[in-house]
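Hi,

Here's the structure I promised to pass on. Have a look at it first, then read my notes below.

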Amino acid sequence: KRAFNTLGKPNENESLSVDARQNLDLRLGCAFTRFQTKYFQGKYGDLDSTLISYGPCQTPTLGFCVERHDQIQTFTPEPYWVIEMSITADNMDVPLTYSRGRIFDQQCGHILLMLLKQHGEAVVTSVKYSNHKKQRPQAMNTVEMLRLASSGLGMGPQHTMQVAERLYTSGYISYPRTETNSYPPNFDLKGTLATQKSNSHWGEYVRELLGTGITSPRKGSDHGDHPPITPMRSASEAELGSDGWRIF
């Protein structure tokens, strides 16, 4: 609605850059598809060499996937043990971590465990303090979305993209396939936040941000494809369903 109410003259240079990228993708794709198809014909009996397609974006990504698949297939698992314990101090449970981490000798692990059980108290031998600064987050691109969904939600990349694309086609988020993690200088952060003011889960926090002032995300990289993944309107779990709500 805001775009229709603020119509302006299109940027000819941006339009020409899109045309140039389309031409490059087409020419590279056609040239390498022809080269691969002719090169691999008759070299592998189980390879359907009628057409071996090449995409300037998809093929390098496939290379990463194949490399990771090979690493997983050749990985040899090795059993290990860990010591988990905690102490109570000032009515608080304090978890303790074994400095060597994993123990690959089960008998050694049992000996350490028996030694620990012989003592009912722990002695603090030294205290170290350190300061850490947490950087502002960058705008979200596809790689970061998949990483967070895997580590924080336990969702695989394929399922995450399916859910994200449903959110996109329903108008809840922007296009979820992008390498860009930097908003342009004229991006309306306040207007985007304002769409979330009435949300029952984080609306109060949004109103506080709008009242006290917001800090722009940390500068990332603009790859010239699509803007970072951004919520487009408010939603509830009842609207989106379980996985849709978790991704949103």
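Predicted model: local features only at pLDDT ≥ 70, side-chain atom pairs only at ≥ 80, totals over all residues.

Trp-202 has a partner, Trp-245, and the two form a stacked aromatic pair, with 5.4 Å from centre to centre and 15° between the planes. The pair links distant parts of the chain, 43 residues apart: Trp-202 sits in the loop between helix H7 (189–194) and helix H8 (203–212), and Trp-245 belongs to helix H9 (residues 237–247). Trp-245 counts as buried, because its relative accessibility is 14% and the cut-off for buried is under 20%. Ring pairs also join these two with Tyr-172 and Phe-248 in a cluster.

The structure has ten aromatic pairs. Another one of them is Tyr-80 with Phe-104, which is tilted: 6.1 Å centre to centre and 55° between the planes. Tyr-80 is in the loop between helix H3 (58–74) and strand S1 (84–89), while Phe-104 is in the loop between strand S2 (92–97) and helix H4 (106–117), so this pair ties together parts that are 24 residues apart in sequence. Both residues are partly exposed, Tyr-80 at 39% and Phe-104 at 46%.

Now zoom out. The protein chain has nine helices and two strands. Its radius of gyration is 26 Å, well over the 18 Å that the globule rule gives for 248 residues, so the chain is more spread out than a compact globule. The C-alpha trace spans about 75 × 65 × 35 Å along its principal axes, and 19% of the 248 residues count as buried.

Cheers

How values were computed: Residues numbered from 1 in each chain as written. Heavy atoms only, no water. Helix = DSSP H or I, 4+ residues; strand = E, 2+ residues; numbered from the N terminus. Rg over C-alpha atoms; globule rule 2.2 N^0.38 Å. Buried < 20%, exposed > 50% of the residue type's maximum accessible area, 1.4 Å probe, protein only. Phe/Tyr/Trp six-rings, centres within 6.5 Å; stacked < 30°, edge-to-face > 60°.
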